[in-house]
Amino acid sequence: MRTLGKILLLVLLCTLEFTRFANADPQKSERSGLVILQYHHVADNTPAVTSIKPAEFQQHLQFLQENNFVIVNLADALEKIRQGQPLPAKAVALTFDDGYLNLEDYALPELAKRNWPATIFVNPGLLQQHEQHYLSWSQLKAWQKKGMTIANHGWLHDYWVRPAGMDLADWKKRIKQSILQTEKALKSELDHSSKLVAYPYGEYDTWLQQWLTQHNFIAFGQQSGAIAQYSDFSALPRFPASGVYADLATLKVKLMSEALPIDYTQLPSPLLATSNNPPEIQLKLNLPKAVGGLNCFVSGQPSAKVSKITENSFRVVASENLPQGRSRYNCTLQSEKAGVFYWLSQLWLNYPS
């Protein structure tokens with residue numbers, strides 16, 4: 001609760017400054033990065049933790065439209081970022097994990113009415129086993145023709161960082177096969193693959209990041225943050241926008257965020273938390289001088305301990321050991337632009353063998 005209170009206070013402090021930018025003309029300015037929103041269910045009768053109600057989703061869409069945000073094709077936007085080409089100042093990409101059938105009831109028609117693209121990450125194996133819960137291939141193909149990108153979420157939405165008693169080599173082979181089999185299905189059923197992968201449960205480790213990079217995939221987690229040219233394209237962040245994160249008041253600030261300027265490829269494996277608890281990260285900011293203080297929070301804990309090493313480098317560590325499961329360090333820093341915050345979220349996985 002203390003962490004939530006501090007985050008809400010941060011939102012209140014910057015809301016007035018944010019309004020100065022909310023109505024800017026996107027055609028008159030440019031942005032070097034991108035914010036991605038992540039959704040799952042859009043329905044009234046699905047699990048709250050992964051759902052947003054249609055009325056709330058409509059509020060999100062109205063806010064984006066009324067405040068001149070530009071909804072971009074995810075793959076195209078990422079290619080421009082990698083090439084150093086600018087995006088519209090208020091570029092946002094929309095994603096949906098799992099490809100639930102209820103997306104066709106409200107979410108996708110609302111996007112189509114606005115001619116807005118989105119990316120839907122699907123599990124072909126689950127689609128075959130539970131047709132009553134997921135968009136079919138024919139439905140996915142129809143939405144693809146309306147501007148939606150269908151992408152890779154693995155074959156069965158299984159865990160990709162926990163061997164579950166299997167031989168490590170066999171287990172890695174199974175995960176690779178899950179990804180490649182899904183790619184094959186996308187090409188067979190839809191005649192297209194954008195080579196975008198969303199990690200099931202947002203969980204990843206360095207060996208998988210390296211393998212995906214070697215095979216020219218771009219991968220996404222569920223940790224928060226914006227994307228820049230210096231991001232790690234094997235573990236790109238997205239802002240969850242469902243469940244407790246559906247609140248438009250907090251989402252407004254995130255939509256204007258920028259990636260904390262560090263070398264993301266130097267961040268440690270999330271599994272560091274298993275052997276070094278609480279885990280520590282060192283952040284070297286690529287800024288002439290830090291603007292204000294770096295504030296870091298820990299899932300379910302008081303603020304993290306932040307100590308300055310040099311003028312632009314910091315050590316961040318939790319005050320208490322992380323519990324078993326998933327945790328995050330979320331760090332923000334006031335940018336040189338009023339009302340705009342740099343943002344970083346580091347995933348930690350504590351799964352003792």
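In which strand is N152 found? N152 sits in strand β9, which covers residues 149–152. The model is predicted: local features need pLDDT of at least 70, side-chain atom pairs count only at pLDDT 80 or more, and totals for chains, interfaces and linings use all residues. Residues are numbered from 1 along each chain as its sequence is written, and side-chain values use heavy atoms, with hydrogens and water left out.

Start with the whole chain. It has 10 helices and 19 strands. Both kinds of element are DSSP runs, numbered from the N terminus: helices are H or I with at least four residues, strands are E with at least two. The radius of gyration is 20 Å, close to the 20 Å that the globule rule gives for 353 residues, so the chain is as compact as a globular protein of that length. That radius is taken over C-alpha atoms, and the globule rule is 2.2 Å times the number of residues to the power 0.38. Along the principal axes, the C-alpha atoms fill a box of roughly 55 × 50 × 40 Å.

Burial comes next. Of the 353 residues, 54% count as buried. Buried means under 20% relative accessible area, exposed means over 50%, and partly exposed lies in between (1.4 Å probe, protein chains only). Contacts tell of the fold too. A contact means heavy atoms within 4.5 Å. Among contacts between residues at least 6 apart in sequence, 68% join residues at least 24 apart.

Now return to strand β9. N152 is buried, with a relative accessible area of 0%. Leaving aside neighbours within four places in sequence, N152 is in contact with F121, V122, I179, T182, E183, L186, L196, V197 and A198.

Helix α7 spans residues 168–190 and holds S178. S178 is buried, at a relative accessible area of 5%. Not counting residues up to four places away in sequence, S178 touches G154, W155, L156, D158 and W160.

Rings of Phe, Tyr and Trp (its six-membered ring) pair if their centres lie within 6.5 Å; planes under 30 degrees apart count as stacked, over 60 as edge-to-face and the rest as tilted. By this rule the count comes to 14 aromatic pairs. One of them joins Y39 and F57: the ring centres are 5.1 Å apart and the planes stand at 85 degrees, so the pair is edge-to-face. This pair links distant parts of the chain, with Y39 in strand β2 (residues 35–39) and F57 in helix α2 (residues 54–66), 18 residues apart. Y39 is buried at 0% relative accessibility. F57 is also buried, with a relative accessible area of 0%. W171 and W207 form an edge-to-face pair too, at 5.9 Å centre to centre and 65 degrees between the planes. W171 counts as buried at 2% relative accessibility, and W207 is buried at 14%. Y39 and F57 also belong to a cluster, which they form with F96.

Charges meet rings as well. A charge sits over a ring if NZ of Lys or CZ of Arg is within 6 Å of the ring centre and within 35 degrees of the ring normal. R114 lies over the face of W116, 5.6 Å from the ring centre. K195 lies over the face of F217, at 4.3 Å.

Next is helix α9, residues 248–255. The helix is mostly covered, with 6 of its 8 residues buried. Those are L248, T250, L251, V253, K254 and L255. At the start of α9, a side-chain oxygen of D247 reaches to within 3.2 Å of the backbone nitrogen of A249.

The structure holds 1 disulfide, defined as a pair of cysteine sulfur atoms within 2.5 Å. It joins C296 to C331, with S to S at 2.1 Å. The torsion about the S-S bond is about 110 degrees, so the disulfide is right-handed. C296 lies in strand β15 (residues 295–298) and C331 in strand β18 (residues 325–334), 35 residues apart. Both cysteines, C296 and C331, are buried.

Technical notes:
Polar contact = N/O pair within 3.5 Å; in protein donor to acceptor, adjacent residues only side chain to side chain.
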